[in-house]
Amino acid sequence: MTGIMMNFNRKRISVLLAAALLLMTGCSDKESKAVQSDISGQGVSIDREADTDDAVTLSMSMTKTLNPLINSDESADMIFSLMYEKLITIGEDGKAQPNIAESWSFNEDGSVAYIKLKNNVCFSDGTRLTAYDVAYSLKTIDNADNSYYRNCVDNIKTWSVTGDYDISVTFYESTGRNIYYLSIPIISSTFYGGDYADEDDNADKALCSGLYRFDSYEKPDKLTLIASLNCFRGKAGINRVEVIMTKDRETDINLFSQGITDILAADKTESAGAGSTAGVKEAAYTTNEYDFIGFNFNNSILAERNVRQAIAYAVDKKSIIEGIYLNNAEEAYTPISSSSWLYESSVYGYGYDLSVAKMLLEQSGWRFRTGSDTIRQSSGDSPSKLSLRILVNGENNERKQVGVKLAEALRGIGFEITLDVVNFDEYRQRLENGNFDIFIGGWKLSPVCDLTFMFGSQELNGEEGNIINYNSERMDSCLKACKSAVSDEDTKEAYSALQKYISQELPYISLVYRQSKVYCGPRIEGSMMPAMYNALGGMENISIKK
(Lines give C-alpha, C1' and ligand atoms only; values in the text may rest on other atoms or scores of the structure.)
Protein backbone atom coordinates (compact mmCIF):
# COMPACT_ATOMS: atom_id res chain seq x y z
CA MET A 1 0.00 0.00 0.00
CA THR A 2 1.48 3.28 -1.05
CA GLY A 3 0.48 6.68 0.21
CA ILE A 4 -1.43 9.33 -1.67
CA MET A 5 0.48 10.47 -4.70
CA MET A 6 0.00 12.47 -7.87
CA ASN A 7 -0.41 10.25 -10.89
CA PHE A 8 1.88 11.85 -13.47
CA ASN A 9 2.52 8.63 -15.45
CA ARG A 10 4.16 9.30 -18.78
CA LYS A 11 1.97 6.75 -20.49
CA ARG A 12 -1.23 5.04 -19.48
CA ILE A 13 -0.09 1.77 -17.88
CA SER A 14 -3.54 0.89 -16.66
CA VAL A 15 -4.23 -1.38 -13.77
CA LEU A 16 -2.25 0.60 -11.29
CA LEU A 17 -2.53 -1.86 -8.41
CA ALA A 18 -2.92 -4.77 -10.77
CA ALA A 19 0.15 -4.43 -12.90
CA ALA A 20 1.42 -7.76 -14.27
CA LEU A 21 0.29 -11.15 -13.14
CA LEU A 22 1.10 -14.44 -14.69
CA LEU A 23 1.01 -17.82 -13.21
CA MET A 24 2.59 -20.56 -15.17
CA THR A 25 0.93 -23.93 -15.49
CA GLY A 26 3.02 -26.80 -14.30
CA CYS A 27 3.49 -30.23 -15.79
CA SER A 28 1.26 -33.26 -15.36
CA ASP A 29 1.95 -36.90 -16.07
CA LYS A 30 -0.38 -36.76 -19.05
CA GLU A 31 0.83 -36.58 -22.60
CA SER A 32 1.44 -32.92 -23.44
CA LYS A 33 2.65 -30.64 -26.13
CA ALA A 34 5.03 -27.68 -25.84
CA VAL A 35 4.13 -24.26 -27.13
CA GLN A 36 7.06 -22.04 -28.14
CA SER A 37 6.71 -18.25 -28.29
CA ASP A 38 9.06 -15.45 -29.21
CA ILE A 39 7.58 -12.50 -27.30
CA SER A 40 7.93 -9.02 -28.82
CA GLY A 41 11.10 -9.94 -30.66
CA GLN A 42 12.96 -10.36 -27.38
CA GLY A 43 13.74 -14.01 -27.92
CA VAL A 44 11.89 -15.08 -24.78
CA SER A 45 11.23 -18.79 -25.22
CA ILE A 46 8.49 -20.23 -23.01
CA ASP A 47 7.31 -23.83 -22.82
CA ARG A 48 3.69 -24.41 -21.88
CA GLU A 49 2.68 -27.93 -20.93
CA ALA A 50 -0.90 -28.49 -21.96
CA ASP A 51 -3.56 -30.55 -20.16
CA THR A 52 -2.32 -29.54 -16.73
CA ASP A 53 -4.81 -30.49 -14.05
CA ASP A 54 -3.68 -28.65 -10.97
CA ALA A 55 -1.76 -25.47 -11.90
CA VAL A 56 -2.53 -21.95 -13.03
CA THR A 57 -0.04 -19.62 -14.67
CA LEU A 58 0.47 -15.93 -13.90
CA SER A 59 3.26 -13.42 -14.54
CA MET A 60 5.05 -10.58 -12.82
CA SER A 61 8.08 -8.36 -13.30
CA MET A 62 11.50 -9.80 -12.56
CA THR A 63 12.38 -9.33 -8.92
CA LYS A 64 15.59 -9.29 -6.91
CA THR A 65 13.99 -10.75 -3.80
CA LEU A 66 11.03 -12.79 -2.63
CA ASN A 67 10.79 -10.70 0.51
CA PRO A 68 7.65 -8.54 0.07
CA LEU A 69 8.97 -5.85 2.41
CA ILE A 70 12.20 -5.29 0.46
CA ASN A 71 10.42 -5.37 -2.91
CA SER A 72 9.42 -2.10 -4.60
CA ASP A 73 7.57 -3.43 -7.67
CA GLU A 74 3.78 -3.27 -7.78
CA SER A 75 3.26 -6.36 -9.95
CA ALA A 76 5.50 -8.44 -7.67
CA ASP A 77 3.52 -7.20 -4.68
CA MET A 78 0.37 -8.58 -6.29
CA ILE A 79 1.87 -12.06 -6.51
CA PHE A 80 3.27 -11.75 -3.00
CA SER A 81 -0.30 -11.18 -1.80
CA LEU A 82 -0.88 -14.88 -2.51
CA MET A 83 2.13 -15.84 -0.38
CA TYR A 84 2.02 -13.49 2.61
CA GLU A 85 -0.91 -12.45 4.77
CA LYS A 86 -1.27 -8.83 5.84
CA LEU A 87 -1.79 -7.59 9.36
CA ILE A 88 -5.05 -5.93 8.31
CA THR A 89 -6.78 -6.01 4.92
CA ILE A 90 -8.93 -3.52 3.05
CA GLY A 91 -12.42 -4.64 2.06
CA GLU A 92 -14.32 -3.95 -1.15
CA ASP A 93 -15.87 -0.93 0.57
CA GLY A 94 -12.45 0.47 1.44
CA LYS A 95 -12.84 -0.27 5.14
CA ALA A 96 -10.08 -1.83 7.26
CA GLN A 97 -10.81 -5.45 8.16
CA PRO A 98 -9.21 -7.90 10.61
CA ASN A 99 -6.86 -10.46 9.13
CA ILE A 100 -3.76 -11.49 11.11
CA ALA A 101 -4.96 -8.82 13.50
CA GLU A 102 -8.03 -10.19 15.25
CA SER A 103 -9.02 -6.79 16.62
CA TRP A 104 -7.70 -3.34 17.47
CA SER A 105 -8.55 -0.31 19.52
CA PHE A 106 -7.20 3.23 19.80
CA ASN A 107 -6.41 5.61 22.58
CA GLU A 108 -8.63 8.68 22.79
CA ASP A 109 -7.02 10.69 19.99
CA GLY A 110 -6.15 7.79 17.68
CA SER A 111 -2.38 8.20 17.97
CA VAL A 112 -1.83 4.74 19.48
CA ALA A 113 -3.29 1.50 18.15
CA TYR A 114 -3.49 -1.58 20.36
CA ILE A 115 -3.41 -4.65 18.13
CA LYS A 116 -4.45 -8.13 19.22
CA LEU A 117 -3.36 -10.91 16.84
CA LYS A 118 -5.08 -14.19 16.04
CA ASN A 119 -3.27 -17.03 17.79
CA ASN A 120 -3.83 -19.56 14.99
CA VAL A 121 -1.83 -17.96 12.17
CA CYS A 122 1.11 -20.11 11.09
CA PHE A 123 3.90 -19.89 8.59
CA SER A 124 4.14 -22.74 6.11
CA ASP A 125 6.72 -24.56 8.26
CA GLY A 126 4.18 -24.75 11.09
CA THR A 127 5.68 -22.05 13.33
CA ARG A 128 3.25 -19.58 14.88
CA LEU A 129 3.14 -15.98 13.70
CA THR A 130 3.47 -13.70 16.74
CA ALA A 131 3.73 -10.04 17.65
CA TYR A 132 7.52 -10.38 17.46
CA ASP A 133 7.17 -11.08 13.72
CA VAL A 134 5.03 -7.96 13.36
CA ALA A 135 7.68 -5.85 15.10
CA TYR A 136 10.39 -7.46 12.95
CA SER A 137 8.42 -6.67 9.80
CA LEU A 138 8.00 -3.02 10.77
CA LYS A 139 11.72 -2.71 11.45
CA THR A 140 12.54 -4.38 8.13
CA ILE A 141 10.48 -1.80 6.23
CA ASP A 142 12.01 0.99 8.31
CA ASN A 143 15.49 -0.11 7.25
CA ALA A 144 14.68 -0.88 3.61
CA ASP A 145 15.94 1.61 1.03
CA ASN A 146 13.01 1.31 -1.36
CA SER A 147 10.15 -0.73 0.08
CA TYR A 148 6.71 -0.74 -1.53
CA TYR A 149 5.43 -0.15 2.02
CA ARG A 150 7.84 2.65 2.90
CA ASN A 151 5.11 5.24 3.33
CA CYS A 152 3.35 3.08 5.92
CA VAL A 153 6.26 3.04 8.33
CA ASP A 154 7.09 6.69 7.64
CA ASN A 155 3.87 7.47 9.48
CA ILE A 156 4.75 5.26 12.48
CA LYS A 157 6.69 6.73 15.38
CA THR A 158 7.39 3.57 17.40
CA TRP A 159 6.00 0.18 18.38
CA SER A 160 6.14 -2.13 21.37
CA VAL A 161 5.41 -5.85 21.80
CA THR A 162 3.23 -6.23 24.90
CA GLY A 163 2.61 -9.99 24.65
CA ASP A 164 3.06 -12.92 22.27
CA TYR A 165 -0.03 -11.83 20.37
CA ASP A 166 -0.25 -8.16 21.34
CA ILE A 167 1.54 -5.11 20.00
CA SER A 168 0.98 -1.36 20.35
CA VAL A 169 1.86 1.02 17.53
CA THR A 170 2.31 4.77 18.02
CA PHE A 171 1.81 7.09 15.05
CA TYR A 172 3.02 10.64 14.43
CA GLU A 173 -0.50 11.93 13.82
CA SER A 174 -3.74 11.51 15.74
CA THR A 175 -6.45 9.87 13.62
CA GLY A 176 -8.41 6.66 13.44
CA ARG A 177 -7.31 6.37 9.81
CA ASN A 178 -3.86 5.32 11.09
CA ILE A 179 -5.02 1.70 10.99
CA TYR A 180 -4.57 1.69 7.21
CA TYR A 181 -0.82 2.10 7.61
CA LEU A 182 -0.82 -1.42 9.05
CA SER A 183 -1.97 -3.05 5.84
CA ILE A 184 1.46 -4.65 5.45
CA PRO A 185 2.64 -8.26 4.86
CA ILE A 186 4.18 -9.97 7.87
CA ILE A 187 7.38 -12.01 7.47
CA SER A 188 9.05 -14.51 9.78
CA SER A 189 11.73 -13.17 12.10
CA THR A 190 13.30 -16.62 12.55
CA PHE A 191 13.45 -17.31 8.80
CA TYR A 192 15.46 -14.17 8.05
CA GLY A 193 17.20 -13.71 11.40
CA GLY A 194 18.90 -10.69 12.92
CA ASP A 195 17.16 -7.49 13.99
CA TYR A 196 15.58 -7.09 10.56
CA ALA A 197 15.82 -8.58 7.06
CA ASP A 198 17.91 -6.97 4.36
CA GLU A 199 18.01 -7.43 0.59
CA ASP A 200 20.47 -10.34 0.60
CA ASP A 201 18.79 -12.43 3.32
CA ASN A 202 17.13 -15.53 1.80
CA ALA A 203 16.37 -13.51 -1.32
CA ASP A 204 15.61 -16.61 -3.43
CA LYS A 205 13.47 -18.43 -0.87
CA ALA A 206 10.33 -17.67 1.09
CA LEU A 207 8.55 -18.76 4.25
CA CYS A 208 4.90 -17.94 3.65
CA SER A 209 1.71 -17.48 5.65
CA GLY A 210 -0.77 -17.05 2.79
CA LEU A 211 -2.88 -19.25 0.55
CA TYR A 212 0.26 -20.45 -1.22
CA ARG A 213 3.64 -21.55 0.05
CA PHE A 214 7.01 -21.39 -1.67
CA ASP A 215 8.05 -24.46 -3.70
CA SER A 216 10.90 -23.41 -6.00
CA TYR A 217 12.46 -20.47 -7.77
CA GLU A 218 14.23 -21.07 -11.07
CA LYS A 219 15.95 -17.69 -11.21
CA PRO A 220 15.35 -15.52 -13.14
CA ASP A 221 12.45 -17.06 -15.04
CA LYS A 222 9.96 -18.97 -12.92
CA LEU A 223 8.55 -19.06 -9.39
CA THR A 224 6.46 -22.05 -8.32
CA LEU A 225 3.99 -21.96 -5.43
CA ILE A 226 1.98 -24.78 -3.81
CA ALA A 227 -1.35 -24.44 -2.01
CA SER A 228 -0.74 -24.11 1.72
CA LEU A 229 -2.18 -26.73 4.02
CA ASN A 230 -2.19 -24.55 7.13
CA CYS A 231 -3.38 -21.10 6.02
CA PHE A 232 -5.92 -19.83 8.56
CA ARG A 233 -8.16 -18.70 5.67
CA GLY A 234 -8.49 -22.25 4.34
CA LYS A 235 -7.14 -24.07 1.29
CA ALA A 236 -7.04 -22.65 -2.21
CA GLY A 237 -8.97 -24.46 -4.94
CA ILE A 238 -5.93 -24.64 -7.25
CA ASN A 239 -2.99 -26.72 -6.06
CA ARG A 240 -0.15 -24.99 -7.86
CA VAL A 241 0.67 -21.52 -9.15
CA GLU A 242 3.55 -20.92 -11.52
CA VAL A 243 4.73 -17.36 -12.07
CA ILE A 244 6.65 -16.36 -15.19
CA MET A 245 9.07 -13.47 -14.69
CA THR A 246 8.84 -10.89 -17.49
CA LYS A 247 10.72 -7.78 -18.54
CA ASP A 248 7.80 -5.53 -19.49
CA ARG A 249 4.04 -5.07 -19.56
CA GLU A 250 3.74 -5.83 -23.26
CA THR A 251 5.12 -9.29 -22.63
CA ASP A 252 2.52 -9.92 -19.93
CA ILE A 253 -0.30 -9.07 -22.31
CA ASN A 254 1.13 -11.13 -25.17
CA LEU A 255 1.55 -14.16 -22.92
CA PHE A 256 -2.10 -14.05 -21.93
CA SER A 257 -3.31 -13.38 -25.48
CA GLN A 258 -1.46 -16.49 -26.66
CA GLY A 259 -2.93 -18.64 -23.91
CA ILE A 260 0.40 -19.13 -22.14
CA THR A 261 -0.83 -17.52 -18.96
CA ASP A 262 -4.26 -17.93 -17.41
CA ILE A 263 -4.98 -14.65 -15.64
CA LEU A 264 -4.31 -11.03 -16.59
CA ALA A 265 -5.25 -7.81 -14.83
CA ALA A 266 -5.59 -5.00 -17.37
CA ASP A 267 -8.09 -2.45 -18.59
CA LYS A 268 -9.75 -2.59 -21.99
CA THR A 269 -7.62 0.10 -23.61
CA GLU A 270 -4.44 -1.67 -22.54
CA SER A 271 -5.40 -5.27 -23.22
CA ALA A 272 -6.52 -4.58 -26.82
CA GLY A 273 -8.86 -7.49 -27.33
CA ALA A 274 -7.59 -9.91 -24.70
CA GLY A 275 -11.17 -10.35 -23.52
CA SER A 276 -12.45 -11.22 -27.01
CA THR A 277 -10.69 -14.58 -27.10
CA ALA A 278 -13.11 -17.50 -26.95
CA GLY A 279 -13.79 -18.66 -23.42
CA VAL A 280 -12.15 -15.68 -21.69
CA LYS A 281 -14.14 -14.29 -18.73
CA GLU A 282 -13.90 -10.76 -17.37
CA ALA A 283 -14.35 -9.43 -13.84
CA ALA A 284 -14.43 -5.64 -13.57
CA TYR A 285 -13.45 -3.58 -10.56
CA THR A 286 -12.97 0.09 -9.73
CA THR A 287 -9.35 1.14 -9.25
CA ASN A 288 -7.98 3.89 -7.02
CA GLU A 289 -7.15 6.12 -10.02
CA TYR A 290 -9.26 9.26 -9.87
CA ASP A 291 -9.41 11.67 -12.83
CA PHE A 292 -10.57 15.27 -12.50
CA ILE A 293 -10.59 18.81 -13.85
CA GLY A 294 -8.55 21.18 -11.69
CA PHE A 295 -8.75 24.98 -11.40
CA ASN A 296 -6.10 27.57 -10.58
CA PHE A 297 -7.60 29.78 -7.88
CA ASN A 298 -5.04 32.50 -8.58
CA ASN A 299 -7.06 33.19 -11.72
CA SER A 300 -9.79 35.70 -10.80
CA ILE A 301 -12.22 34.20 -13.31
CA LEU A 302 -11.99 30.73 -11.75
CA ALA A 303 -12.12 32.12 -8.23
CA GLU A 304 -15.82 32.77 -8.96
CA ARG A 305 -17.82 29.75 -7.84
CA ASN A 306 -20.56 30.40 -10.42
CA VAL A 307 -17.99 30.08 -13.20
CA ARG A 308 -16.68 26.78 -11.81
CA GLN A 309 -20.23 25.49 -11.50
CA ALA A 310 -21.01 26.62 -15.06
CA ILE A 311 -18.02 24.61 -16.30
CA ALA A 312 -19.25 21.59 -14.32
CA TYR A 313 -22.67 21.79 -16.01
CA ALA A 314 -20.94 21.91 -19.42
CA VAL A 315 -19.12 18.60 -18.85
CA ASP A 316 -20.97 15.65 -20.37
CA LYS A 317 -19.57 12.91 -18.12
CA LYS A 318 -21.71 10.14 -19.57
CA SER A 319 -20.42 10.91 -23.06
CA ILE A 320 -16.85 11.07 -21.74
CA ILE A 321 -17.18 7.70 -20.00
CA GLU A 322 -18.65 6.06 -23.07
CA GLY A 323 -16.58 7.65 -25.81
CA ILE A 324 -13.21 8.25 -24.14
CA TYR A 325 -12.96 5.70 -21.32
CA LEU A 326 -14.86 3.08 -23.35
CA ASN A 327 -17.16 2.47 -20.38
CA ASN A 328 -14.16 1.45 -18.26
CA ALA A 329 -14.83 4.08 -15.62
CA GLU A 330 -17.23 4.89 -12.80
CA GLU A 331 -18.67 8.39 -12.65
CA ALA A 332 -17.18 10.33 -9.73
CA TYR A 333 -19.03 12.99 -7.77
CA THR A 334 -16.32 13.60 -5.17
CA PRO A 335 -12.80 12.22 -4.65
CA ILE A 336 -14.38 9.37 -2.67
CA SER A 337 -15.64 6.44 -4.74
CA SER A 338 -19.31 5.51 -4.56
CA SER A 339 -18.25 2.03 -3.44
CA SER A 340 -16.53 3.41 -0.32
CA TRP A 341 -18.09 3.10 3.12
CA LEU A 342 -17.33 6.83 3.47
CA TYR A 343 -19.23 7.90 0.36
CA GLU A 344 -21.95 10.50 0.89
CA SER A 345 -24.76 9.67 -1.55
CA SER A 346 -26.53 13.02 -1.15
CA VAL A 347 -23.75 15.09 -2.74
CA TYR A 348 -24.83 17.24 -5.66
CA GLY A 349 -23.73 15.83 -8.99
CA TYR A 350 -23.92 18.70 -11.54
CA GLY A 351 -25.56 16.86 -14.41
CA TYR A 352 -24.92 17.92 -17.99
CA ASP A 353 -27.09 21.01 -18.64
CA LEU A 354 -25.87 23.77 -20.96
CA SER A 355 -28.84 26.02 -20.21
CA VAL A 356 -27.91 26.12 -16.51
CA ALA A 357 -24.25 26.68 -17.44
CA LYS A 358 -25.17 29.71 -19.55
CA MET A 359 -27.47 31.08 -16.85
CA LEU A 360 -24.71 30.92 -14.23
CA LEU A 361 -22.32 32.80 -16.53
CA GLU A 362 -24.98 35.46 -17.14
CA GLN A 363 -25.54 35.83 -13.40
CA SER A 364 -21.80 36.38 -12.93
CA GLY A 365 -21.81 39.20 -15.47
CA TRP A 366 -20.20 37.24 -18.31
CA ARG A 367 -22.30 38.20 -21.32
CA PHE A 368 -22.03 38.66 -25.08
CA ARG A 369 -21.20 42.36 -25.61
CA THR A 370 -20.10 44.79 -28.33
CA GLY A 371 -21.70 42.74 -31.04
CA SER A 372 -19.86 39.51 -30.25
CA ASP A 373 -21.95 36.36 -30.07
CA THR A 374 -19.08 33.91 -29.61
CA ILE A 375 -16.97 35.12 -26.68
CA ARG A 376 -18.42 36.46 -23.46
CA GLN A 377 -17.04 39.56 -21.80
CA SER A 378 -17.21 41.17 -18.38
CA SER A 379 -19.09 44.39 -17.66
CA GLY A 380 -17.53 47.87 -17.32
CA ASP A 381 -15.83 50.39 -19.55
CA SER A 382 -12.94 48.05 -20.36
CA PRO A 383 -14.54 44.58 -20.53
CA SER A 384 -12.26 41.56 -20.48
CA LYS A 385 -12.81 38.33 -22.39
CA LEU A 386 -13.88 35.10 -20.75
CA SER A 387 -10.57 33.57 -21.77
CA LEU A 388 -8.85 30.52 -20.26
CA ARG A 389 -6.13 27.99 -21.10
CA ILE A 390 -6.52 24.24 -20.55
CA LEU A 391 -3.33 22.29 -19.77
CA VAL A 392 -3.15 18.63 -20.81
CA ASN A 393 -0.44 15.97 -20.79
CA GLY A 394 -0.37 14.84 -24.42
CA GLU A 395 1.14 11.49 -23.45
CA ASN A 396 -2.02 10.42 -21.60
CA ASN A 397 -4.54 9.64 -24.32
CA GLU A 398 -7.73 9.64 -22.24
CA ARG A 399 -6.98 12.89 -20.46
CA LYS A 400 -5.91 14.53 -23.72
CA GLN A 401 -9.27 13.61 -25.24
CA VAL A 402 -11.06 14.97 -22.16
CA GLY A 403 -9.20 18.25 -22.69
CA VAL A 404 -10.30 18.41 -26.33
CA LYS A 405 -13.92 17.71 -25.40
CA LEU A 406 -13.89 20.24 -22.56
CA ALA A 407 -12.44 22.93 -24.84
CA GLU A 408 -15.20 22.32 -27.40
CA ALA A 409 -17.92 22.48 -24.74
CA LEU A 410 -16.63 25.71 -23.20
CA ARG A 411 -16.24 27.43 -26.55
CA GLY A 412 -19.86 26.49 -27.20
CA ILE A 413 -21.07 28.50 -24.19
CA GLY A 414 -18.94 31.59 -24.76
CA PHE A 415 -15.41 30.94 -23.52
CA GLU A 416 -12.26 31.75 -25.45
CA ILE A 417 -10.21 28.59 -24.91
CA THR A 418 -6.61 27.73 -25.71
CA LEU A 419 -5.74 24.04 -25.36
CA ASP A 420 -2.11 23.48 -24.36
CA VAL A 421 -1.17 19.87 -25.15
CA VAL A 422 2.37 19.42 -23.85
CA ASN A 423 4.75 16.59 -23.00
CA PHE A 424 4.88 15.16 -19.51
CA ASP A 425 7.94 17.08 -18.33
CA GLU A 426 6.50 20.44 -19.35
CA TYR A 427 3.09 19.48 -17.91
CA ARG A 428 4.59 18.68 -14.53
CA GLN A 429 6.76 21.81 -14.52
CA ARG A 430 3.83 24.09 -15.36
CA LEU A 431 1.71 22.57 -12.62
CA GLU A 432 4.51 23.03 -10.10
CA ASN A 433 4.96 26.66 -11.20
CA GLY A 434 1.23 27.43 -11.24
CA ASN A 435 1.41 28.18 -14.97
CA PHE A 436 -2.10 27.01 -15.89
CA ASP A 437 -5.77 28.02 -15.65
CA ILE A 438 -7.47 24.63 -15.95
CA PHE A 439 -5.76 21.26 -16.10
CA ILE A 440 -6.87 17.67 -16.65
CA GLY A 441 -5.20 15.46 -14.07
CA GLY A 442 -5.38 12.33 -12.00
CA TRP A 443 -4.51 11.15 -8.51
CA LYS A 444 -3.74 7.66 -7.33
CA LEU A 445 -5.50 7.68 -3.98
CA SER A 446 -4.52 5.83 -0.83
CA PRO A 447 -7.04 3.99 1.38
CA VAL A 448 -5.97 6.32 4.19
CA CYS A 449 -8.20 8.86 2.38
CA ASP A 450 -6.47 11.95 3.71
CA LEU A 451 -7.49 14.63 1.19
CA THR A 452 -5.52 17.43 2.85
CA PHE A 453 -2.98 17.46 0.02
CA MET A 454 -5.78 18.29 -2.44
CA PHE A 455 -7.66 20.99 -0.57
CA GLY A 456 -5.66 22.01 2.50
CA SER A 457 -4.27 25.52 2.90
CA GLN A 458 -0.68 26.42 3.73
CA GLU A 459 -1.61 26.09 7.39
CA LEU A 460 -2.27 22.38 6.86
CA ASN A 461 0.11 21.56 4.00
CA GLY A 462 3.03 23.82 4.83
CA GLU A 463 4.58 26.47 2.64
CA GLU A 464 3.53 24.93 -0.68
CA GLY A 465 -0.18 24.71 0.16
CA ASN A 466 -1.93 22.78 -2.63
CA ILE A 467 -1.41 22.58 -6.36
CA ILE A 468 -4.54 24.60 -7.21
CA ASN A 469 -3.75 27.49 -4.82
CA TYR A 470 -7.04 26.96 -3.00
CA ASN A 471 -7.56 28.40 0.47
CA SER A 472 -10.66 28.03 2.64
CA GLU A 473 -10.97 28.11 6.43
CA ARG A 474 -14.13 26.05 6.27
CA MET A 475 -12.46 23.42 4.08
CA ASP A 476 -9.54 23.27 6.52
CA SER A 477 -12.04 22.76 9.35
CA CYS A 478 -13.65 19.86 7.47
CA LEU A 479 -10.27 18.27 6.77
CA LYS A 480 -9.23 18.61 10.42
CA ALA A 481 -12.48 16.94 11.52
CA CYS A 482 -11.81 14.01 9.18
CA LYS A 483 -8.30 13.61 10.50
CA SER A 484 -9.23 13.82 14.18
CA ALA A 485 -12.14 11.35 13.94
CA VAL A 486 -11.47 8.01 15.62
CA SER A 487 -14.76 6.09 15.80
CA ASP A 488 -16.55 4.86 12.67
CA GLU A 489 -19.54 7.05 13.47
CA ASP A 490 -17.47 10.22 13.83
CA THR A 491 -15.45 9.36 10.72
CA LYS A 492 -18.54 8.92 8.55
CA GLU A 493 -20.03 12.15 9.85
CA ALA A 494 -16.84 14.11 9.19
CA TYR A 495 -16.39 12.74 5.65
CA SER A 496 -20.04 13.41 4.88
CA ALA A 497 -19.59 17.10 5.75
CA LEU A 498 -16.35 17.24 3.75
CA GLN A 499 -17.92 15.81 0.61
CA LYS A 500 -20.90 18.13 0.81
CA TYR A 501 -18.61 21.13 1.03
CA ILE A 502 -16.42 19.88 -1.83
CA SER A 503 -19.55 19.52 -3.96
CA GLN A 504 -20.66 23.03 -3.06
CA GLU A 505 -17.24 24.69 -3.56
CA LEU A 506 -16.02 22.67 -6.56
CA PRO A 507 -12.25 23.15 -6.19
CA TYR A 508 -12.08 20.24 -8.65
CA ILE A 509 -14.66 18.77 -10.98
CA SER A 510 -14.61 15.05 -10.25
CA LEU A 511 -14.72 13.08 -13.50
CA VAL A 512 -14.24 9.34 -13.00
CA TYR A 513 -12.70 6.54 -11.07
CA ARG A 514 -11.05 4.37 -13.70
CA GLN A 515 -12.05 0.73 -13.85
CA SER A 516 -9.92 -2.26 -14.65
CA LYS A 517 -10.55 -5.92 -15.31
CA VAL A 518 -9.20 -9.30 -14.43
CA TYR A 519 -9.29 -11.63 -17.43
CA CYS A 520 -9.44 -15.39 -16.86
CA GLY A 521 -8.55 -17.79 -19.66
CA PRO A 522 -10.78 -20.69 -20.76
CA ARG A 523 -9.06 -23.15 -18.38
CA ILE A 524 -10.32 -21.26 -15.32
CA GLU A 525 -13.55 -22.28 -13.63
CA GLY A 526 -15.27 -20.07 -11.07
CA SER A 527 -15.18 -16.30 -10.69
CA MET A 528 -12.50 -13.93 -9.47
CA MET A 529 -13.62 -11.14 -7.14
CA PRO A 530 -11.13 -8.30 -7.72
CA ALA A 531 -11.38 -5.13 -5.64
CA MET A 532 -9.71 -1.72 -5.55
CA TYR A 533 -6.87 -2.81 -3.26
CA ASN A 534 -6.92 -6.54 -4.06
CA ALA A 535 -6.86 -7.29 -7.78
CA LEU A 536 -6.40 -11.03 -7.12
CA GLY A 537 -9.37 -11.26 -4.80
CA GLY A 538 -11.20 -14.57 -5.15
CA MET A 539 -8.15 -16.64 -6.14
CA GLU A 540 -9.16 -19.13 -3.47
CA ASN A 541 -12.50 -19.71 -5.24
CA ILE A 542 -11.33 -20.65 -8.73
CA SER A 543 -10.26 -24.02 -10.09
CA ILE A 544 -9.00 -25.62 -13.30
CA LYS A 545 -11.58 -27.13 -15.63
CA LYS A 546 -11.31 -30.89 -15.79
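View 1. Strand β19 (residues 508-520) is largely enclosed by the rest of the structure, because 12 of its 13 residues are buried. The model shown here and in the other views is a predicted one.

**View 2. Strands that pair with β19.** Strand β14 (residues 281-295) runs antiparallel to β19 and is joined to it by 11 bridges, with lysine 281 standing opposite cysteine 520 of β19. Strand β13 (residues 263-266) is also antiparallel to β19, the two being joined by 4 bridges, and here leucine 264 has tyrosine 519 of β19 as its bridge partner. Strand β15 (residues 329-331), again antiparallel, is joined to β19 by 3 bridges, and in this pairing glutamate 330 is partnered by tyrosine 513 of β19.

View 3. The side chains of glutamate 398 and arginine 514 form a salt bridge, with an N to O distance of 3.4 Å. This pair links distant parts of the chain, since glutamate 398 belongs to helix α10 (residues 397-412) and arginine 514 to strand β19, 116 residues apart. Glutamate 398 has a relative accessible area of 5% and is therefore buried, and arginine 514, at 2% relative accessibility, is likewise counted as buried. Both residues take part in a network of salt bridges that also links Glu289, Asp291 and Arg399.

**View 4. The salt bridge between aspartate 488 and lysine 95.** In the model, which has 31 salt bridges by the rule applied, one is formed by the side chains of aspartate 488 and lysine 95, at 2.8 Å from N to O. Because aspartate 488 lies in helix α15 (residues 488-505) and lysine 95 in the loop between β4 (88-90) and β5 (96-98), the pair ties together parts that are 393 residues apart in sequence. Aspartate 488 is partly exposed at 40% relative accessibility, and lysine 95 is partly exposed at 26%.

**View 5. The salt bridge between lysine 385 and glutamate 416.** The closest N and O atoms of lysine 385 and glutamate 416 are 3.6 Å apart in this salt bridge. Lysine 385 sits in the loop between α9 (354-363) and β16 (387-393) and glutamate 416 in strand β17 (residues 416-422), so that distant parts of the chain, 31 residues apart, are linked. Lysine 385 is partly exposed, with 44% relative accessibility, as is glutamate 416, with 28%.

**View 6. A patch of negative charge on the surface.** Asp145, Asp198, Glu199 and Asp200 gather in this patch. Among them, aspartate 200 is placed in the loop between α4 (189-192) and β10 (212-218) and is exposed, with a relative accessible area of 68%.

Definitions and conventions: Residues are numbered from 1 along each chain as its sequence is written. This is a predicted model: local features need pLDDT of at least 70, side-chain atom pairs count only at pLDDT 80 or more; totals for chains, interfaces and linings use all residues. Side-chain values use heavy atoms; hydrogens and water are left out. Patches are made of residues with over 30% relative accessible area and no salt bridge: like charges are joined within 9 Å, nonpolar side chains (Val, Leu, Ile, Met, Phe, Trp, Tyr) within 5 Å. Accessible areas come from the Shrake-Rupley method with a 1.4 Å probe; for residues, only the protein chains shown count as cover. A salt bridge is a side-chain nitrogen of Lys or Arg within 4 Å of a carboxyl oxygen of Asp or Glu. Lys and Arg count as positive and Asp and Glu as negative; His and the chain ends are not counted. The place of a charge is taken as NZ of Lys, CZ of Arg, CG of Asp or CD of Glu. Buried means under 20% relative accessible area, exposed over 50%, partly exposed in between (1.4 Å probe, protein chains only). Two strands pair if DSSP finds at least two bridges between them.
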